[in-house]
Amino acid sequence: MAEKRTILIVEDSPTLAMTFQTQLEPTGHTILMATDGATAFAQLRARPVDCMLLDLKLPDMDGIDILEEVRAWPNPPAIIVITANASLTTAVRAVRGGAFDYLVKPFAAARLVTTIENALRGVALQREVETLRRTVEHAGFQDFVGRSPPMQAVYRTLEAAARSTASVFVTGESGTGKELAAEALHQLSPRKGREFVALNCGAIPRDLLESVIFGHVKGSFTGATADKEGAAARADGGTMFLDELGEMDPTLQTKLLRFIQTGAYERVGDPRPRKADIRFVAATNRDPAEAVREGRLREDLFYRLNVVPVRMPPLRDRGEDILLIARRFLEQFSAADHRQFKALAPEVEARFMSYSWPGNVRQLQNVIRNVVVLHDAKLVTLDMLPPLDDPAAMPPSPTSGPLPIDVPAAASPPAPAPSLPGSADTIEPLAVAERRYIEQAITLCGGNLQMAARKLGISPSTIYRKKEGWEAA
Ligand SMILES: Nc1ncnc2c1ncn2[C@@H]1O[C@H](COP(=O)(O)OP(=O)(O)OP(=O)(O)O)[C@@H](O)[C@H]1O
Ligand SMILES: [Mg+2]
C-alpha cells in the first residue's frame, strides 16, 4: 500500500467540497477541508500538507495569490488548481505560477484521483531529489555532518515538519544533536528571520524559570528590580526550544500547556494576558514515556508537544558518518589551533568505527579537540587518543558494591572532609573542587563516564560539557 499522505481541499462550495472528499476517500489519504483562504493558510501552517486542491475563486482571497505565496515556501505541497470555466488563460497562469496541474469543472472522479496521485508522486520525487542534491553537495544537512540512512530519515522529517508550526519533540541520547535539530528546524522554517530561543529547563533554577519564560514586572518577587521581558516575548513569530523538558516543575508545565494551546500567557505579577505566536520544539535525553509514567512530565503536555516525534540515532548506529564527522572536527580544530593534522590513521578509524560512543557526537568532538590541543602531526595515531571508556565492558553494576560517591552532587556540594580545615587559604574555587570531584568519580568508576554520571546524579552530557570547558581553558 502507498504511504498515507495529507490532502487539503480548498473549495468555497460545501457541496463540491463534500463531493471531492467522497471521491478521494478510497485513496486512504488524510483529507482536510477549507472553504476560504484564511482557513487554508491556518491548515497549511498547522501540519505538513502534501497536496492542495485549490479552487481559484474564494470568498476572501484570490487563489492565484495563495498559489504564489505557498509555492515560495520551503518544500511546498503540490498544488492542483480548479477553474470554473474553460478559460485556459487562468489555468496557464496557474501552471506558470507553479501549480502542478489544473482541472476544469466539471470533472470525473477518476480524473481527480489520477491527478492527485500523480501530484503526490511528483512531490515525493521532488523532495527526494532535493534531499539527494543536498546530500551530494554537503554530505549533510544544515549544520549536520553525515549521510547515513538513519540521519537521512531525520533530515526528511525535519524538512517536512519545518513548513508547519506543528510542535516537534526530539529525543535521543546525550550529544546526538538534539539542539542542532531544533536549530535546523528553525532555519528551514518560514520563521527563520525571527528569533530562536533555547531554554535549558534543567539548568535554570526552578523558581526563576517561570519568569525566564514569561517575564515579570518590577517588584513581583525579591530581586525583580525592573520589568523584564521573557523568552515568550522574544520568541514571538519565531521558535522556542525547551530543552530537558522533564526537569520542569509540574505547576509550570500546566501554565506552559495552556500557553501552547492558546498562545496566551501572563508575566509574573501581571494578570494582563499577552499573546505570542511560537513554534515549540522540546527535547529530552531520557525516555519521555518513562518521565510521563513517573509523573515528572505531564501526559497532556507531552502529547501536545509530540505532534512530530524526531528520534536522533546514536552515533554508533551511523556507520561511516562517524569518520565524516571526525574529519570535519579535525579540520576545524586544526585550522583554529594552527595544527597540521590532515587525516586519521587507519587504526584510529577502525577504533572509532567499533567504539560505542556513549556520549555520541559531543564525545567525538571532545576526543578530537583533546588530540588537537595536545599534539601536532599530519596523522592522528592511536597513541594520541585519550582513553575511551566503554560502559558495556564495565563489570561492576551501579547497585553492586558501595562506591564512596553516593552523594547526590546536584543537591549539595560534596564534603569530602568531615570537618573544614581552619585556614581560609585552603579554600579552593568551587570550579576546581568540582573538576577534581568529577574526575575522581570517573576514575572510581573505572573510567566509565556513564556510571560516574549516574552516581553523581547528573546527566552524562553535563560531564561532557564540563570536560569541554576544562579542555578549552
Ligand atoms: N551530525 C553532526 N555533525 C556535526 N556536528 C554535530 C552533529 N551532531 C551534533 N553535532 C555537534 O555536537 C555537539 C552536541 O550537539 P547538541 O548540543 O545538538 O546535542 P544534544 O543532543 O542537544 O546534547 P545533550 O543531550 O548533551 O544536550 C554540538 O556542538 C553540535 O554542533
Ligand atoms: Mg542539548
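The model is a predicted one.

## Domains

The protein chain is divided into domain 1 (6-131), domain 2 (141-311), domain 3 (318-388) and domain 4 (397-473). Taken over C-alpha atoms, the centres of domain 2 and domain 3 are separated by 32 Å, and the contact between them takes eleven residues from domain 2 and twelve residues from domain 3. On the side of domain 2 that touches domain 3, the residues comprise three nonpolar, six polar and two charged.

## The shell around ligand 1

Ligand 1 is surrounded by 17 residues, of which S174, G177, K178, E179 and S461 are the closest. The elements that contribute two or more residues to this shell are β7 (144-145), α7 (178-188) and α15 (360-374).

Sorted by class, the shell around ligand 1 holds five nonpolar, nine polar and three charged residues. Domain 2 (141-311) and domain 3 (318-388) each provide at least three residues of the shell.

## Helix α6 against helix α7

Helix α7, one of the elements that give two or more residues to the ligand shell, also packs with helix α6 (residues 149-162), and the axes of the two helices come within 8 Å and cross at roughly 45°. The two helices are therefore oblique to each other, and α6 passes α7 in a right-handed crossing.

From α6, the residues V154, L158, E159, A161 and A162 meet A181, A184, L185 and L188 in α7. By class, this contact of α6 with α7 has eight nonpolar, no polar and one charged residues.

## Helix α13 against helix α14

The axes of helix α13 (residues 321-337) and helix α14 (residues 346-354) come within 9 Å, and they cross at roughly 125°. Because of that angle, α13 counts as oblique to α14, and the crossing of α13 and α14 is right-handed. The contact is formed by I322, L323 and A326 on the α13 side and by E349, F352 and M353 on the α14 side. By class, the contact of α13 with α14 has five nonpolar, no polar and one charged residues.

## Helix α16 against helix α17

For helix α16 (residues 430-444) and helix α17 (residues 449-456), the axes come within 8 Å and cross at roughly 120°. That angle makes α16 oblique to α17, and the crossing of α16 and α17 is right-handed. In this pair, I438, A441 and I442 in α16 meet L449, A452, K455 and L456 in α17, and the residues of the contact divide into six nonpolar, no polar and one charged.

## Backbone details

Two backbone features remain to be described. The peptide bond that runs from K105 to P106 is cis, with omega near -5°, and P106 is located in the loop between β5 (101-104) and α5 (109-138).

Technical notes: Residues numbered from 1 in each chain as written. Chains lettered and ligands numbered in written order. Predicted model: local features only at pLDDT ≥ 70, side-chain atom pairs only at ≥ 80, totals over all residues. Near = placed C-beta within 6 Å. Helix = DSSP H or I, 4+ residues; strand = E, 2+ residues; numbered from the N terminus. Nonpolar A, V, L, I, M, F, W, Y, C, P; charged D, E, K, R; others polar. Domains from an automatic or database assignment. Axes fitted to C-alpha atoms, helices over the stretch in contact; angles between N-to-C directions. Parallel < 35°, antiparallel > 145°, perpendicular 65-115°, else oblique. Left-handed = near helix turned anticlockwise from the far one by under 90°. Contact = placed C-beta atoms within 7 Å.
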